[in-house]
Amino acid sequence: IEAEKHAGVSCVTASMDDIQFEEAARVGQIITIKAKVNRAFKTSTEVGIKITVWDVLTNVEKIVSLAYATHVAKPAGAGEIQLEPVQLLSAEDDLEHTPAIERRRIRLGYEQVFQNLMQESNKEGDYCNTFEEEDAVSTDLTHVQSVELVQPAHANHDGNTSGGQVMAWMEAVASISASRLCHSYPILKSVNMFKFWGPSVVGDRLVFNAIVNNTFQNSVEVGVRVEAYNCEEWIKDQARYINSAFLIFTAVNDNGELLTFPRIKP
């Protein structure tokens, strides 16, 4: 909403910078969400989002998460859009406006860095045949697939699937994947490299594939890939790659102590 108020046209979510969850919001607590445009670029804006939770019993307010979303303006027709600069009205506005350009540079560099890492990994040969460790759990056991039908309630005013709905489905399938290692209820701590590569619309079937990529003693990374099909694409098995992200989970026992995840075998 904030992105569209500034742009004056319809906007679509392009990506979310890494999201860290500091606190968990529970039933009965009051959540406050504040959003504002930090900076406008040529055809996109960065929107800062701050989420806090207030416990009515203890009268304590805590920060749940801080996030930065990139929204791309959709032109009405064939014309190009040149967004107006953001008017800085306070010192707080200036503090967010200045580092926005650096966050954008890092965000745009993610893709190239990731491609370089994948190319280097492929040069190392068949890692699966050389990995040996006792009690390691095969990643095959953590693979989870889910299929969702996009209905009108899942879409925004443009008819595209809501980014928040896609993230919720991704969290659900990733949580099941992580739980197969810890045999407990995983707690989402962060979402990394959450990017939209294309839209999906009402009537599409979304296929979510999740698998554990690695464990780090008290945390686990789950990779999720999302593909979309309309009716014709479903019959022809022609998927549209629309989204991916890496989700980090922890898990605790009944005493609130962090559980240790087993090593995995790729």
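Modeller: The C-alpha centres of domain 1 and domain 2 are 23 Å apart. The division, with bounds from an automatic or database domain assignment, puts residues 1–110 in domain 1 and residues 135–265 in domain 2. Where they touch (contact means heavy atoms within 4.5 Å), domain 1 supplies 15 residues and domain 2 supplies 13 residues.

This is a predicted model, in which local features need pLDDT of at least 70 and side-chain atom pairs count only at pLDDT 80 or more, while totals for chains, interfaces and linings use all residues. Residues are numbered from 1 along each chain as its sequence is written, and side-chain values use heavy atoms, with hydrogens and water left out.

The size of an interface is often given as the accessible area lost when the parts come together. Between domain 1 and domain 2 the buried area (accessible area, 1.4 Å probe, that two parts lose on being put together, summed over both) is about 1100 Å². Carbon and sulfur atoms give 49% of that area. On the side of domain 1, Met16, Ile19 and Phe21 lose the most area to domain 2, together 38% of what that side buries.

As for polar links, seven residue pairs are in polar contact between domain 1 and domain 2, both residues at pLDDT 80 or more. A polar contact is a pair of N or O atoms within 3.5 Å; within protein, one must be able to donate a hydrogen and the other to accept it, and residues adjacent in sequence count only if both atoms are side-chain atoms.

Strands S1 (11–16) and S2 (19–21) each supply at least two residues of the side of domain 1 that touches domain 2; strands are DSSP runs of E, at least two residues, numbered from the N terminus. S1 gives the most to that side, with six residues. By class, the side of domain 1 that touches domain 2 has seven nonpolar, four polar and four charged residues. Here Ala, Val, Leu, Ile, Met, Phe, Trp, Tyr, Cys and Pro count as nonpolar, Asp, Glu, Lys and Arg as charged, and the others, Gly among them, as polar.

Methods
Helix = DSSP H or I, 4+ residues; strand = E, 2+ residues; numbered from the N terminus.
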